[in-house]
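Reader: Can you take me through this one? I would like the overall picture, then some detail.

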Amino acid sequence: MADRGTILPFSARAAVAAFTPDRLTELSLRYDAALMPCDPTKLAARLRALWESTTAPGNMTAKSWLHEGNRLLRDLPLAIAYRAIDRAVLDSTRGFTPSVAAIRAHADPMLSEMRRHATRLHAVKRAAETPEPTETADHPHAGAIADHETTSEILQRVWPGMGQHDTGPRAPKSEADPDRPCRAPTREDYLRMGVTPEVLDRIAAPPPADEQRDAA
């Protein structure tokens, strides 16, 4: 359940092979039970023993410290709370009762690791109970149909009539002689090209008399 230390992420599907179904169920139940918050009575007894076995600061009474400690630590599983208290006491160099922050500094990483393992166990259990999906056309990671077809097969599927077309050289559509002399465009040719009749009339009209005199 721990990280594999590689670039590959945790895979519930790959971890299924490491467990038998009975062992997987047993571990999931054990982790769920281990993550249950501690019994407040048992935690109070442990904190009272901690208070009495260490030199407490003089600015807080035992009753206040036990109340605040119990309130701020009661979400922890009992086993983690006990281990965190022991480690906080061992880290205390002056013999004072460790603070709640010192206890949580040891407890929180242990709680996070246990929760991560429990979450992964449940993921493995779900993967074991769910059949592995097969690759279908609807699957988001399934290969496309074209990945297994040749180019000719794809063309035959998307363009069935491709083989009916003549791919050789084509004869010109008209029988006109390409060497015939060019003729001058007519008025109809200009109209087909989009020239308006007004423009054509103005072009065809004779120039004014003064322009003819100047030209002469």
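This is a predicted model: local features need pLDDT of at least 70, side-chain atom pairs count only at pLDDT 80 or more; totals for chains, interfaces and linings use all residues.

Reader: How many helices and strands does the protein chain have?

Author: There are 10 helices and 0 strands in the protein chain. Along the sequence the pattern reads α-α-α-α-α-α-α-α-α-α.

Reader: What share of the residues is buried?

Author: 20% of the 216 residues of the protein chain count as buried. The accessible surface comes to about 16400 Å², and 57% of that surface belongs to carbon and sulfur atoms.

Reader: And contacts: what percentage join residues at least 24 apart?

Author: 67%, taken among contacts between residues at least 6 apart in sequence.

Reader: On to α4. How many residues does α4 have, and what does it reach from first C-alpha to last?

Author: Helix α4 covers residues 62–73, which is 12 residues. From its first C-alpha to its last it reaches 16 Å, close to the 16 Å expected at 1.5 Å a residue.

Reader: Which residues of α4 are buried?

Author: W65, L66, G69, N70 and L73 are buried in α4. Seen down the axis of α4, these buried residues fall within an arc of 125 degrees, so they line one face of the helix.

Reader: Why would residues three or four places apart point the same way?

Author: Because an α-helix has 3.6 residues a turn.

Reader: What do the buried residues of α4 pack against?

Author: Their partners are α3 (40–53) and α6 (100–129).

Reader: Which exposed residues are on the face turned away from the buried side of α4?

Author: That face of α4 carries K63 and H67, both exposed.

Note on methods
Residues are numbered from 1 along each chain as its sequence is written. Side-chain values use heavy atoms; hydrogens and water are left out. Helices (H or I, at least four residues) and strands (E, at least two) are DSSP runs, numbered from the N terminus. Buried means under 20% relative accessible area, exposed over 50%, partly exposed in between (1.4 Å probe, protein chains only). Contact means heavy atoms within 4.5 Å. Accessible areas come from the Shrake-Rupley method with a 1.4 Å probe; for residues, only the protein chains shown count as cover. The expected span of a helix is 1.5 Å times one less than its number of residues. The arc is that of the directions from the helix axis to the C-beta atoms.
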